[in-house]
Amino acid sequence: MSSSPSATAAFPAIAAAMGVSVPVLRFLICFVLTIPISFVWRLVPRTLPKHLYAALTGAFLSYLSFGFSSNLHFVVSMGIGYGSMVVCRQWCGIVTFFGAFAYLIGCHVYYMSGDAWKEGGIDATGALMVLTLKVISCSINYNDGLLKEEGLRDSQKKNRLLNLPSLIGYVGYCLCCGSHFAGPVYEMKDYLDWTEGNGIWSPSKKQPSPSGAVARAVIQAGICMALYLNLVPLFPLSLFTSPVYAHWGFWKRLGYQYMCGFTARWKYYFIWSISEASIIISGFGFSGWTESSPPKARWDRAKNVNIIGVELCKSSVELPVHWNIQVSTWLRHYVYDRLVPKGKKAGFSQLLCTQTVSAIWHGLYPGYIIFFVQSALMIAGSRALFRWQQKASDLLKTLLAFTNFAYTLLVLNYSAVGFMVLSLHETLTAYGSVYYIGTIIPISLIVLGSIIKPAKPARSKTRKDQ
């Protein structure tokens with residue numbers, strides 16, 4: 001990143017004061033710059049100039065953050081997607097899915113980004129992860145454009161592409177104003193409507209002011225960063241394998257696991273709050289008006305997390321609705337839903353497969369794999385509790401609702417240790433220190449749920465006589 005000698009010399013001091021490395025500080029500066037850069041997008045004329053601005057600013061921010069090689073990686077992934085759409089439309093979805101994922105996995109293995117992130121480093125792999133989802137969804141939607149509308153799911157009807165996007169429009173979609181840094185993931189159809197001024201972004205329709213929503217997101221980001229920087233020195237992950245942790249009692253170890261998970265989440269809350277502000281200020285985050293009187297602007301497309309929803313989640317099943325929202329939506333539309341045979345209900349196998357895809361997307365570390373297998377068990381166990389809750393009496397229903405809340409809190413933070421420490425040894429050491437409670441309880445609930453079926457409501461005497 002080019003800068004004056006005095007500014008360069010100040011970087012280590014600023015980074016040390018924040019408790020981050022210089023590469024991470026450089027990334028954070030570029031990441032925050034996505035907000036003013038996205039604002040300027042509003043002033044650029046339609047349509048080709050907007051595509052060019054989106055592509056060039058995204059590529060430039062990538063260069064400043066990660067170096068020139070980052071854009072070469074992005075070109076490969078984008079080339080797989082666009083090339084497959086040009087050459088073999090009938091198979092472009094599956095070709096891009098496996099081709100882009102294979103390249104991402106290769107980068108994960110080569111860079112071993114998880115270790116670098118733990119040591120304070122950073123590279124372009126995280127941005128490539130977001131880009132991979134974008135190129136896959138675009139190709140699948142272009143593939144869906146060949147299908148008849150009858151029998152398609154609502155999401156397929158909404159997002160399918162009948163015509164091949166232009167190359168510059170495709171690059172702009174992929175790199176738009178640095179949105180590939182941390183998301184949110186969005187659809188090509190929405191990007192084209194936004195850029196061309198169609199649908200809810202039509203000049204003939206009322207457009208809301210983003211100032212209030214942007215201010216809220218920026219304030220939220222500041223609070224999240226402050227909390228993270230103050231909490232992270234108090235709960236180091238290295239303690240899981242130390243003699244000090246080993247001598248603690250069960251409840252203290254369990255509490256420490258909760259606090260480590262709680263602390264780590266504020267980093268993600270900060271990142272997603274900044275990306276939310278960036279997408280909102282560009283106008284792209286606008287998703288329509290509420291039906292209230294007076295109507296209020298909705299910014300759902302920009303939202304990637306509901307902090308209160310995560311921390312006070314009533315059921316594990318609801319977590320994807322609150323955490324990494326746009327990626328969860330992507331996984332549902334492009335993995336989970338497409339694995340369910342027509343006319344049948346989804347089961348545990350589809351859930352496990354979806355979580356496995358998510359694990360591989362994050363990287364091939366044992367901690368990631370274990371975490372997402374754990375999350376599949378956690379959700380399945382929560383579903384069993386919910387089924388009992390639905391058929392219970394009022395008092396028992398309240399008790400089961402609290403049990404589901406406590407269960408989610410326990411298993412989520414227990415499972416999250418694997419996501420944070422990554423190595424097999426540290427993950428199993430941390431899990432074993434609390435007697436694998438967060439694994440045993442979900443499996444027990446799944447087994448009990450298959451044995452103890454909720455009682456069906458009794459038919460009335462009149463119904464029986466009929």
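Analyst: Happy to! Ile451 lies in helix H21, residues 437-451 (helices are DSSP runs of H or I, at least four residues, numbered from the N terminus). This is a predicted model, where local features need pLDDT of at least 70, side-chain atom pairs count only at pLDDT 80 or more, and totals for chains, interfaces and linings use all residues. Residues are numbered from 1 along each chain as its sequence is written, and side-chain values use heavy atoms, leaving out hydrogens and water.

Ile451 counts as exposed because its relative accessibility is 59% (exposed is over 50%, buried under 20%, partly exposed in between, with a 1.4 Å probe and protein chains only). Together with Ile443, Val447, Leu448 and Ile452, Ile451 forms a nonpolar surface patch of about 430 Å² accessible area.

For another helix, turn to H16, residues 325-339. Its 15 residues should span 21 Å at 1.5 Å a residue, and the end C-alpha atoms are 20 Å apart, so the two values agree. H16 also bends by about 40° at Arg332 (the angle between axes fitted to the seven residues ending there and the seven starting there). Among the buried residues of H16 are Trp330, Leu331, His333 and Tyr334. Their cover includes helices H5 (92-111), H7 (125-144), H17 (348-362) and H18 (366-391).

Helix H11, residues 211-231, holds Leu227, which counts as partly exposed because its relative accessibility is 33%. Leu227 is 105 residues from Ile122 in sequence and 22 Å from Ile122 in space, C-alpha to C-alpha.

Conventions:
Patch = residues over 30% accessible without salt bridge, like charges linked within 9 Å, V, L, I, M, F, W, Y side chains within 5 Å. Areas by Shrake-Rupley, 256 points an atom, 1.4 Å probe, with all protein chains shown as cover. Salt bridge = Lys/Arg side-chain N within 4 Å of Asp/Glu carboxyl O. Helix = DSSP H or I, 4+ residues; strand = E, 2+ residues; numbered from the N terminus. Expected span 1.5 Å × (residues − 1). Contact = heavy atoms within 4.5 Å.
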